[in-house]
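Me: I have a model open and want to learn how to read it. Please start with the ground rules, then take me through the features.

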Amino acid sequence: MWPTAELHVHIEGTLEVPLLLRLAERNGIDLPTTDADRLRSRCSFSRLQDFLDVYYEHLDVLRTEQDFCELMLAYLARATESGVRRAEIFFDPQSHTARGVPMAVVIGGLSDGIARGREAYGIDGALILCFLRHLGGAAALATLEEALPYRDAFIGVGLDSSEVGFPPSLFADAFQRAAAEGLRRVAHAGEEGGPDYVWEALDVLGAERIDHGIRALEDAELMAALRRRAVPVTVCPLSNRALRTAPHDLAEHPLPVMFDEGLVVSVHSDDPAYFGGYLDANMAALRDAGVVDDAVEGELAANAVASSFLGTEGKRALFAEIRAHAEAIGAPVPSRAVAG
Ligand code: HPA
Ligand code: ZN
C-alpha cells in the first residue's frame, strides 16, 4: 500500500453494520431490522438522496462520547490498512445536535478517538466540520458559532448533504466567518450539481479543495481554471458508482481524464460502509478497470499528500515514506514526491 492521505471521508459514513447493531442495542434504539444482511441490503441507491436517507437514519445510534470515540477509532484502525498516514475527516454536527446530542459530546468523542488512533496506529487525524446544505445558510452560521468554543479541535469547514437546489452561494456568510477564524475551507460541488456549483464554491466560498468535482469535465473553462489555480479535487470512484453519478464501468469514470488534463486529483472513500469499501477497495476497483497501475497509484497518493492541509514538514515526511515505498516495490518515484 502506498502511504497516503485520506481527504474525503465522512466519519458517519464509516458506521459498519456490526457497530451499528452494537450501538443500537447499547442505546436501546430500534432499527428498521436487526438482521445484518437486511441492513446491508439497504445499501442499494439510485441517487444521492436515497443514500442520505439511510445514512441519517443509521447515525441516530450515535449518542454518547464513547459512541463517537469508538466510531473514530474503528475507522482509523481500518484506514491504516489502506496505507493512510494522515486523515482529514468530515463530520456532520447538525445531524447530531438536531437530535439533542450536544456539540461537546460530538467533538469530544471524535477528538478522543483521534488521540487514541494516533497513539495506537501512528495515524495523524484531523477534523473538518461540514455544514448540511439542506438546512440552509443561517443554520450553518449558527452551527459554526456553536462549535467555535472547540475551535482547536477542527482544522476547517466543508459543505455536504443534498446538493441540487442548495448552491454554495447560500453559505457565503458561514464560510466568510470560518475564514476569519483561520479555518481551512473545502466544499462538495459538482457531484450531482453542475459546473456552476463548482464555480461558486471557488469564487464565492473561497474553497481550497473541491470534493467530488466530477461534473467539472462538462466545462472546459472550469477545467482550465482548476488546473491553473492548482485546486485539488478529491474523487471518490466507488461512491460515484454507488450513487450513479458516474458510469458503472470505472473504465469510463472521469478520473483518468482529469488526471491526464493535469488536475491535482486524488482518490478517496467518501462513505466506505455504504459504497463498497475503503481506499484500498477504491484502488483495487480502478486497477481492475485498467485505469490505474503502480505508477499512477503512486502519483495519486502523492497528490493526496500534496493536497492535504499538512504543513511543509508533515508533507516532507510523508513524501519520504512514499519514496521509500516506490523503491521497495520498484515503481517510479511520483513527481510530487521527488526529494526537495
Ligand atoms: N455527498 C454529499 N453529502 C454527503 C455525502 C456525499 O457523498 N456523504 C455524506 N454526506
Ligand atoms: Zn462526500
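Reply: Buried means under 20% relative accessible area, exposed over 50%, and partly exposed in between (1.4 Å probe, protein chains only). His 188, at 4% relative accessibility, is therefore buried. This is a predicted model: local features need pLDDT of at least 70, side-chain atom pairs count only at pLDDT 80 or more, and totals for chains, interfaces and linings use all residues. Residues are numbered from 1 along each chain, chains are lettered from A and ligands numbered from 1 in written order, and side-chain values use heavy atoms, without hydrogens and water.

Me: Which residues are the protein donors of the zinc ion (ligand 2)?
Reply: Donors are N, O and S atoms within 2.8 Å of the metal (3.2 Å for Na, K and Ca); water is not among the atoms, so sites may look incomplete. Here they are His 8 (NE2), His 10 (NE2), His 188 (NE2) and Asp 270 (OD), 2.0 to 2.1 Å from the zinc ion. His 188 sits in strand 5 (residues 184-189) and Asp 270 in the loop between strand 8 (265-267) and helix 13 (272-275), so the pair ties together parts 82 residues apart in sequence. Strands (E, at least two residues) and helices (H or I, at least four) are DSSP runs, numbered from the N terminus.

Me: Is Asp 270 buried or exposed?
Reply: Buried, with a relative accessible area of 2%.

Me: How many bridges join strand 1 to strand 2?
Reply: Two strands pair if DSSP finds at least two bridges between them. Strand 1 (residues 4-10) and strand 2 (residues 84-91) have five, and run parallel. His 10 has Phe 90 as its bridge partner in strand 2.
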